[in-house]
Amino acid sequence: FFRELERQGIHLNRPQVQAVRHFKGPLLTLAGAGSGKTTVLVCRVAYLLSVHRIHPGNLLLITFSKKAAEEMRERITRMPGLGPGVSAMMQVRTFHAFCLRTLRMNGWEQEIISDSRYQQIVIKRILLSKGLQDTYQPEVLLSLLSSYKMQLIDIATLPEKTEEEQEIKQIFQAYEQWKLEQHKMDFDDILVKAHELLQTNPDVLRSLQRKFTYISVDEFQDTNTVQYEIIQMIAQHHHNLMVVGDDDQTIYSFNGARNEFILQFHEKYESAKTVTLDINYRSTASIVGLGNAIIRHNVQRKNKTLLATRQSECKPQYIRPVSSDDEAEWLIDDIRQRIEAGGRYGDMAVLYRSASNSRAIIEQLILHNLPFIDYGSSDSFYEQWMVKPIIDHLRLSHERRNFEAMEGVLPSLYIGREQGMRIIQEQEAVQAKKWPLIHLLGLPLLKEFQKEKLKNRIKLIKSLADMKPLTAIQAIRKDFYDSFLETNKRSKLSHHKEMLKETLDELEASAKRFDTVEQFLYFIHEVAEKRNEMHAAKREHGADKIALMTIHKSKGLEFPIVYLLCAIEGNMPHSSALAADQLDDVLLAGATRRDKSDAALEEERRLAYVAVTRAKAELLISSPVFFRGKKAEPSRFLVSAFPGADKAVAASPVGAGPVRAAAAPSKAAVARVKSAAGERVAAWVCSSGRCNAWARISSPQEAQRAAKACPLCGEAMHKGSKLV
Ligand code: ATP
Ligand code: MG
């Protein structure tokens, strides 16, 4: 098997081979980024199939995303002695896909609500019935509900001390009741109901235990309570459970993930074997070094030292453009130069902390006709649920008979689209009005407050016509969202609200570039048209496209060239993580305020670590000097890892002015700090001179100890130094 693997160019190191050979009992591989955890998982599955002759139907392989599952299936197919037939018979699935299948096979026929917009509509209806439409936003409530469910917190047990707590609990209960009556399940229910099924039906559980005699889970550090319990139950009988992960890469804990599950694996499975992988095969030494320099500031972690194997002259680069728009221009320029020099789009990935950071870069990519895939959402920034109604109001202010925009305005008035549009069109046919929206006053069953709202809204829309785009957006925002977003610091929802605010701030930052609403609307239209054209021409480019995604989505992936954008305070770490008061007591039971803020900050640092460790050969990080119109400081995570990052200044003054759609990139706006080179650190260095392996000596105690043999070639390691 291993010889065959080598023939395919896969030379596993000794601990990797050990993990692949592991046959029965629990196995834990807790290791740093890029050390081959996923590789080992795939090879072991192939080993079980082709050497131990385990039937493919007995294997269950859980991955983090659908994309990862597809890739894994493909890799298994290519393994020695296997083919597509085998992988078709095994279950390589995400938790959701696995649980849904289990439910369906056991008679659960509920329809799945797969569109979050539909969930929002349901919540909106509940809010309206309780007169709470101006107090809460559906999206925020749904994300809070989701975190409770992932931790198996029963809604019935939620506290009811404050008025807010009582209201939230009632809304959640009404939503659950609605689903029950309608015979529907949402995405989270898939896991919760599967858990319930296994708990209450011993026959189903027993049959799964008998079927899945070998279970493997990738990215185990991000399993949440419900997922963990499901796996536990199925593995309970045979204990053939292999989990791989990296506690430094837990990045979903505010969504319910708990890295204690991986850190305390031995407590649960005392006989568990551990295999440590400490060689990074993915990235060049300076990228590995930067990752290590970032993550070592975390306290809540298992200390690991990663050896680097790939040497390169090319160091990570740090760039300080003046603004996000300059950042986007610099990026376009850099990508173009690489393409001219023979590079491939498909080798590049652009990562950012939150989806709204990608607004400027997506616009520029579209306007410059560069091929990309946005892994975030199929909606453009201006089509997002929070932004679209605002744009529709702007449209109406300029074209009062734009029926499409009118339809977009209706939900914010709590009027059903179909019913609303029907009455407008019927009445228009009888007597056309200057403001067709006025017909809505004739809607039967319209409540008094809705009539009032409607009149005020028309007044607001009229007043927008003469405003500058920024002022107009501020006015709509005030009317729509501000009463809700004015954050009560002690509220359960503040953490989630912070994320929403960011989207609105980004919209303002975008609008600020234009003098008139018309210009702004024209720009949005132009971007949308081009985007559609690009979608239509999809097949032409094949898979050779720049990948755009949030850091969260990039987990487990790797790219030759990685751009990390908007690495500034408030974003990395994100402002939502900076205020301890904002974190939910129910989710973080028992934690003190200080614990909470430390935990939140450490999670942000792990995000930075995940981001930089995606890069194989080149890493370019940028921190705009001005962000959404305010001065921004470089991310503290970088300042401590990049000497001089805080002193770098942009070369040109802030030029606000309106953007020119396809303006030439202004190189002057970009200041480069050459590289992070310069710090010499104590290190263990392999004396063979062949494999280039080395590891940083991170503490005086470590320096006292004798070096281990080189894990790559087995030669002695000596004390030396390395430039990082
Ligand atoms: P992450 O923590 O990001 O999920 P990982 O530990 O799962 O990373 P892999 O994705 O399995 O790491 O491997 C990282 C890269 O190293 C891949 O390109 C893989 O092909 C390569 N690799 C793994 N093991 C070896 C090896 N023994 N020799 C050469 N390359 C290897
Ligand atoms: Mg992996």
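This is a predicted model: local features need pLDDT of at least 70, side-chain atom pairs count only at pLDDT 80 or more; totals for chains, interfaces and linings use all residues.

Most residues other than glycine have a negative phi, and most peptide bonds are trans.

Is His239 buried, exposed or partly exposed? With 14 other C-beta atoms within 10 Å, His239 is partly exposed.

For a backbone feature of another kind, select Met572 and Pro573. The peptide bond that joins them is cis, with omega near 0°. Pro573 belongs to the loop between β15 and α27 (575-578).

Five of the six residues of β15 are buried. Display the neighbouring strands as well. Strand β12 (residues 348-352) pairs with β15 in the parallel sense over four bridges, and Leu351 stands opposite Leu564 in β15. Strand β16 (residues 615-622) also pairs with β15 in the parallel sense, over five bridges; there Val562 stands opposite Leu619 of β16.

Keep Leu351 selected and show its surroundings. Beyond its neighbours within four places in sequence, Leu351 is in contact with Met549, Ile551, Ser554, Val562, Tyr563, Leu564, Ala611 and Arg614. The largest nonpolar core has 142 residues, and within that core Leu351 and Val612 touch the most other members. Helix α3 (residues 37-50) provides the largest share of this core, nine residues. Another core, of 13 residues, lies apart from it; among its members are Ile126, Leu127, Val140 and Phe172.

Now centre the view on ligand 1. Which residues are closest to ligand 1? Of the 17 residues that surround ligand 1, the closest are Gly36, Lys37, Thr38, Thr39 and Tyr281. The elements that give two or more residues to this shell are α3 and β9 (279-284), and α3 gives the most, with three residues. By residue type, the shell comprises three nonpolar, ten polar and four charged residues.

Select the open sheet of six strands, which has the order β3-β2-β6-β7-β1-β8 and parallel pairing. Its edge strands are β3 (91-94) and β8 (273-274), each of which pairs on one side only. Within the sheet, strand β2 (residues 59-63) and strand β6 (residues 214-217) pair over four bridges, and Leu60 stands opposite Ile215 of β6.

Finally, display the whole chain and colour it by pLDDT. The chain contains 30 helices and 22 strands, and 42% of its 724 residues count as buried. The mean pLDDT is 84, with 85% of the residues at 70 or more. Over residues 649-678, pLDDT stays under 50; for this segment the model has 63 contacts beyond four places in sequence. For the complex, the predictor gives an ipTM of 0.99 and a pTM of 0.81.

Conventions: Residues are numbered from 1 along each chain as its sequence is written. Chains are lettered from A and ligands numbered from 1 in the order in which they are written. A residue is buried if 20 or more other C-beta atoms lie within 10 Å of its own, exposed if 12 or fewer, and partly exposed in between; C-beta atoms are placed from the backbone. Two strands pair if DSSP finds at least two bridges between them. A nonpolar core is a set of buried Ala, Val, Leu, Ile, Met, Phe, Trp, Tyr and Cys residues joined through C-beta atoms within 7 Å. Two residues are in contact if their C-beta atoms, placed from the backbone, lie within 7 Å. A residue is near a molecule or strand if its C-beta atom, placed from the backbone, lies within 6 Å of it. Ala, Val, Leu, Ile, Met, Phe, Trp, Tyr, Cys and Pro count as nonpolar, Asp, Glu, Lys and Arg as charged, and the others, Gly among them, as polar. pLDDT is the predictor's confidence in each residue, from 0 to 100.
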